[in-house]
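Please go through the briefing below with the structure open beside it. The points are grouped by topic.

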Amino acid sequence: MKLTIHRGSDQIGGCITEYELDGWKLFVDFGDQLPGNPSSDEPLLIEGLNCGDISKSTLLITHYHGDHIGKIAEADSSIPVYMGHIAHDIYCKLQHRLNYINGEAGEKAKATLERCQNVKTFFDGEKFTFGPFVIEPVKMDHSAYDAYGFIIENKDNDEDIVFHTGDFRAHGLSGDEFYHKITSIPTVKAIVCEGTNIEKDNPNAEPEYKIEDRFRTLFKEHKYNVVFVSSTNIDRLFGIYRAAEDAGRPILMDEYQLDILKSVIGENDWSRNDEELITDLDENGEEESYTSQAVYEFGKEKPIVLEYDRTKRDTPTFFIPDKLRRLLNWKGCVLIARSTPQYQTLIDTFSKDKTQKYLSMWNGYLNPASPAYNKNLAKAIGQEYKYIHTSGHADPHTLEQMFKEVDANMIIPMHTSNPKKFLEQFPENDWQIRLIKDGETIDLEKEDYWTNKE
């Protein structure tokens, strides 16, 4: 099996990886570059993906973040595309919302939505084949729900296997399951591994359950709580929901946000079932328990859906009936907010001395020096806010735990701005780190596994 990282060997985002066997090509991700990354006016032309012979090509998508799927509409229309079933549903809803935007962004969303109509979907552990490849999706813990890594195998050689991690972590709500999953990954020739947080000084990221606990405490202290959070960060949204419920605060969100959450939970009766506890033995033979996906269920309090006031087109606002206004005056609320005028109009009705705002996403959006600076968000949240967030990516400790558990001949970093940090973090006598450059092709069958290379 041959491997080429077309983009992502020394930058975060914009990922495109190719695996090749006997002329058959398996691409993983086709993403937009993040703001501030090197870019070119000329498109990146890749044989078998968006130019040349595409008769033996397919494209796998790890998850719905734009730096992994953003260029899907540029892939040749005849190439089969695969992604997780629920992730596909969430991504289509997002693109449907964006296609109403005027200009280039809206046109791109329309093209992307059209391309997504032909995407094939899969579920966790459901193997499928393409040419000589056998692909097993492995559901990973990430800030994007229904994210996957892939075990990629040569069906004619059961020793010719690669594990492509995609973006992952182990401190989300399903993080405990990650450690159970990686024990079943077979011996592989290479782990092609994301390294977003390889330079972080703190070896252990704050887990989502502690984020939820912090919100729970603060929601009890403050009557009106305004949270700016990504609409597709499912772990965070359900954590906020549970914290609001336990604090006795009604939670408010718009129809789009609720629709995204329904992609995960479906249409249910809104009654909280007990979280399913699964008991197992850890590596030391000690009994331990962890929760199943039952954490993604609403409780007894149904979210209040904000509806737009269609009668006030010149001044965008939500329709707030008297019954809801009385409820807010009595119990306060937790508002899942956006940086649009109708939200600001609603926030202005809250008592200022009883209102607390929160940023629960990357704080680079508020940094004027950052290429990702969001002026509208900065204006909406102001100066008096609390920052409550944790990364969607693996910390160095989690990377080390995976490398200890998965038997691999070598580790190939990607999705990192400093791949050389892997050589410092993981000594040569423990792991064989292989650094490659964008566009470089290596033959995994012929690699010298026992020498670190740059």
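In this predicted model, helices α5 and α6 cross in the right-handed sense, and the two pack at an angle of about 35° with their axes 8 Å apart. The contact brings E208, I211, E212, F215, R216, F219 and K220 of α5 against D235, R236, G239, I240, R242, A243, A244, D246 and A247 of α6.

- Are R216 and E212 buried or exposed? R216 has a relative accessible area of 15% and is therefore buried, while E212, at 9% relative accessibility, likewise counts as buried.

**Salt bridges elsewhere**

- The structure holds 23 salt bridges, one of which joins the side chains of K71 and E74 at 3.4 Å, N to O.
- E74 counts as partly exposed, because its relative accessibility is 41%, a value that lies between the limits of 20% for buried and 50% for exposed.

- Strand β8 (residues 133-140) has seven of its eight residues buried, so the strand is largely enclosed by the rest of the structure.
- On one side of the pairing scheme, strand β7 (residues 128-130) runs antiparallel to β8 over three bridges, with F128 standing opposite I135 of β8.
- The hairpin of β7 and β8 has two residues between the strands, and G131 takes a positive phi near 55° there.
- Strand β9 (residues 147-154) also pairs with β8 in the antiparallel sense, here over eight bridges, and I152 of β9 is the bridge partner of I135.
- The hairpin of β8 and β9 has six residues between the strands, and D146 in its turn has a positive phi of about 60°.

**The seven-stranded sheet**

- An open sheet with mixed pairing is formed by seven strands in the order β17-β16-β13-β18-β12-β19-β20.
- Strands β17 (318-319) and β20 (385-387) are the edges of this sheet, and because each has a single partner strand, one side of each is left without a neighbour in the sheet.
- Strands β12 (residues 224-228) and β19 (residues 355-359) pair in the parallel sense over five bridges, and Y224 stands opposite T355 in β19.
- Helix α7 (residues 255-265) lies across β13 (251-254), β16 (304-308) and β18 (333-337), and runs at about 95° to β13.

**Cysteines**

- How many disulfides does the model contain? The count comes to zero, where a disulfide would require a pair of cysteine sulfur atoms within 2.5 Å.
- C92 is in no disulfide, and the nearest cysteine sulfur, that of C116, is 4.6 Å away.
- C92 counts as buried because its relative accessibility is 14%, and C15 counts as buried at 2% relative accessibility.

- S391 is found in the loop between β20 and α11 (396-405), and S391 is buried, with a relative accessible area of 18%.

Conventions. Residues are numbered from 1 along each chain as its sequence is written. This is a predicted model: local features need pLDDT of at least 70, side-chain atom pairs count only at pLDDT 80 or more; totals for chains, interfaces and linings use all residues. Side-chain values use heavy atoms; hydrogens and water are left out. Two strands pair if DSSP finds at least two bridges between them. Helices (H or I, at least four residues) and strands (E, at least two) are DSSP runs, numbered from the N terminus. Contact means heavy atoms within 4.5 Å. Axes are lines fitted to C-alpha atoms, for helices over the stretch in contact, and angles run from 0 to 180 degrees between N-to-C directions. A salt bridge is a side-chain nitrogen of Lys or Arg within 4 Å of a carboxyl oxygen of Asp or Glu. Buried means under 20% relative accessible area, exposed over 50%, partly exposed in between (1.4 Å probe, protein chains only). A crossing is left-handed if the near helix is turned anticlockwise from the far one by less than a right angle, and right-handed if clockwise.
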